[in-house]
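Biologist: Could we go through this model together, beginning with the surroundings of the ligand and then turning to the strands?

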Amino acid sequence: MTAAAPAIAVEGLSKSFGGRTVVDALSLTVPAGKIMGFLGPNGSGKTTTIRLLCGLLTPDSGRGTCLGLDILTQSPEIRRQIGYMTQKFSFYEDLSIVENLDFVSRVFDLADRKRKVAATLERLGLADRRDQLAGQLSGGWKQRLALAACILHEPRLLLLDEPTAGVDPKARREFWEQIHALAADGLTVLVSTHYMDEAERCHEIAYLAYGRLLARGTVAEVIAAAGLTTFTAQDSGTGAMRIADLARALAGLPGLDLVAPFGSALHVGGGDAALLRHSLAPFLANPDFVWREDAPTLEDVFIHLMGRSTDNFAGGAR
Ligand SMILES: Nc1ncnc2c1ncn2[C@@H]1O[C@H](COP(=O)(O)OP(=O)(O)OP(=O)(O)O)[C@@H](O)[C@H]1O
């Protein structure tokens, strides 16, 4: 693989379980050395796609390469060069950090074990805690130990499936610093997440719904491509109508593709600016609310995409 070759390049990947299409003609390219965020609602096929990429599942159709290796015929070689952090990872709770990593290195029969374990402890800032029992670590340090176990064999690609689910914001931020440091060393990272702030930390994002790739690009590109016009309404505190009343009144009006409360404000938006403004006109003139036209956020775009994909797929037994 040359430096310019993508780490992942697949096209037309499909996978069904029991007649239900879970990954649907998915094509994706992940440039080498980049962090690609993988987003989408629960059950949209992110984990299944990750498993297809590393050869743990065989696609019903489609083809492609992972690290320049054929996903259909070279999955054992692919697995040797990737680190896969699954949603549920486990350790020996009564072994220390270093003992757990030593155990993993023996299972994988790694050459030069001692050096690799020491280097990984150092690389992830675990050296000072090497003798702490895994069972006594906080959620954030457990995730970091899981990441250490994934990079011990010096993979070129990391597939991280919701690595920070349930971890507090500070630990999540520190985890992302590690991910960026690994990417700066040349690793490619495909990471699934439900957190918007994490999506914004990625070089690029891919948004999946019902197994289909609906958006891809930098955060700015994905927001621009959605073509959303958005407004924010705040309660002016002077009238009888409240934000909750406004949300009820707006839901379902033509052109209102997005009606979402954010704290004390309401975000509304739509893909057809003229239709949106037409429907909003009587409410924009209502002194009960203070309105502001805003740039759409990534979350606005995802809510919009999710709503649109539900419409597109509604009624189809998929
Ligand atoms: N081995 C399997 N057999 C049958 N159905 C499966 C199997 N694996 C996944 N599915 C189904 O495929 C769909 C997609 O699941 P997948 O785990 O890929 O989604 P996801 O986007 O990773 O979701 P989440 O964000 O909740 O992790 C789900 O409806 C799931 O129940």
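**Ligand shell and sheet**

Modeller: By class, the shell around the ligand holds 2 nonpolar, 7 polar and 1 charged residues, where Ala, Val, Leu, Ile, Met, Phe, Trp, Tyr, Cys and Pro count as nonpolar, Asp, Glu, Lys and Arg as charged, and the others, Gly among them, as polar. This is a predicted model, in which local features need pLDDT of at least 70 and side-chain atom pairs count only at pLDDT 80 or more, while totals for chains, interfaces and linings use all residues. Residues are numbered from 1 along each chain as its sequence is written.

Biologist: Which helix gives the most residues to the shell around the ligand?

Modeller: The ligand is surrounded by residues including Phe17, Val22, Gly40, Lys46, Thr47 and Thr48, a residue being near if its C-beta atom, placed from the backbone, lies within 6 Å. Helices (H or I, at least four residues) and strands (E, at least two) are DSSP runs, numbered from the N terminus. With 3 residues, the largest contribution to the shell comes from helix H1 (residues 46–53).

Biologist: Which strands stand at the edges of the open sheet?

Modeller: The order of the 4 strands is E12-E13-E11-E14, with antiparallel pairing, and two strands pair if DSSP finds at least two bridges between them. One side of each edge strand is left without a neighbour in the sheet, because each has a single partner strand, and these are E12 (258–262) and E14 (289–294).

Biologist: Which residue in E14 is the bridge partner of Phe231?

Modeller: Strand E11 (residues 229–235) pairs with E14 in the antiparallel sense over 6 bridges. In E14, the bridge partner of Phe231 is Glu293.
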